[in-house]
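Welcome, and please open your viewer. We will take a few stops together, and at each one you will hear what to select and what is there.

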Amino acid sequence: MLAARTNLYFLLPTSQAIQENLSVERIECVFTQPGPNTVDGDRQHQSINAVDRCSSIIKLSKLTPLTILRIAELAVEAGLPAGALNVLTGGTLVGKGLIEHPGTDKVSFTGSVPTGIAVGQSAMGAGVTRATLELGGKNSAGFLRDVNLDKAVNGIIEAGFLHSGQICAAAERFFIHRSQIEPIRDKLAQRLSTLNIGSPLDERTEFGPATNRQHQLKLGVFSTRPVPKTTPSSAAVT
């Protein structure tokens, strides 16, 4: 076991770093990105742990494990000490076992609200009081009245369609000044009509498939809903 130390950062006007001795932090990432990609969970914690000699165990999404497995290989090739970064694949039982293991001192989870609640309850039940939960998200982005239209459209494409929107940081709604709704809507529609849809293995692809059948069916339900009419008096486009 490596000597363990981690920093807890508080991003406040009076920022401070508190060092506490820990043995192992378990990081679970279940949120998925399309194709061979996967979200690498709590990236900040992983970086801090690597610098401060705190071992991490990453339990991957069973749907998209390949990227982090490759990153772990690259970490070893780069000289990261053995045992500093550990990767496990599997389902719910694997995750639950890691949370409740007596050697786990901290849990970080990125995923859905229901699963996050279960993770938090398991952590508290096991006496792991250090738990970080990054759950769901209905991120919004706002544009001022004098925004450049092309920059606004590019921002919407990047914020809402990166990794086909299958990322926790994706923006799901955009607040636009009423005077700019129609111009941005028209430019956005034109831009979306030209997106290159295809295989994530093709570097020319700009929008890939859903990561799994369940998610595809959910998107299908959304696509059949009536589209609300947008008027110049509207305050936002969602």
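**Stop one: a pair of strands**

Select isoleucine 57 and then asparagine 86 in β5, its bridge partner. Now widen the selection to strand β4 (residues 55-59) and strand β5 (residues 85-88), which pair in the parallel sense over four bridges. Strands here are DSSP runs (E, at least two residues), as are helices (H or I, at least four), numbered from the N terminus; two strands pair if DSSP finds at least two bridges between them. Between β4 and β5 the chain passes through helix α2 (residues 66-77), in a right-handed β-α-β crossover. Right-handed means that, with the strands pointing away from you, the path from the first strand over the helix to the second runs clockwise.

Before moving on, a word about what you are viewing. This is a predicted model, in which local features need pLDDT of at least 70 and side-chain atom pairs count only at pLDDT 80 or more, while totals for chains, interfaces and linings use all residues. Residues are numbered from 1 along each chain as its sequence is written, and side-chain values use heavy atoms, leaving out hydrogens and water.

**Stop two: inside β4**

Is β4 largely enclosed or open? Five of its five residues are buried, so β4 is largely enclosed by the rest of the structure. Buried means under 20% relative accessible area, exposed over 50%, and partly exposed in between (1.4 Å probe, protein chains only). Show the side chains: Ser55, Ile57 and Lys59 point one way, Ser56 and Ile58 the other.

**Stop four: arginine 130**

Go to strand β7 (residues 130-135), where arginine 130 is found. At a relative accessible area of 29%, arginine 130 is partly exposed.
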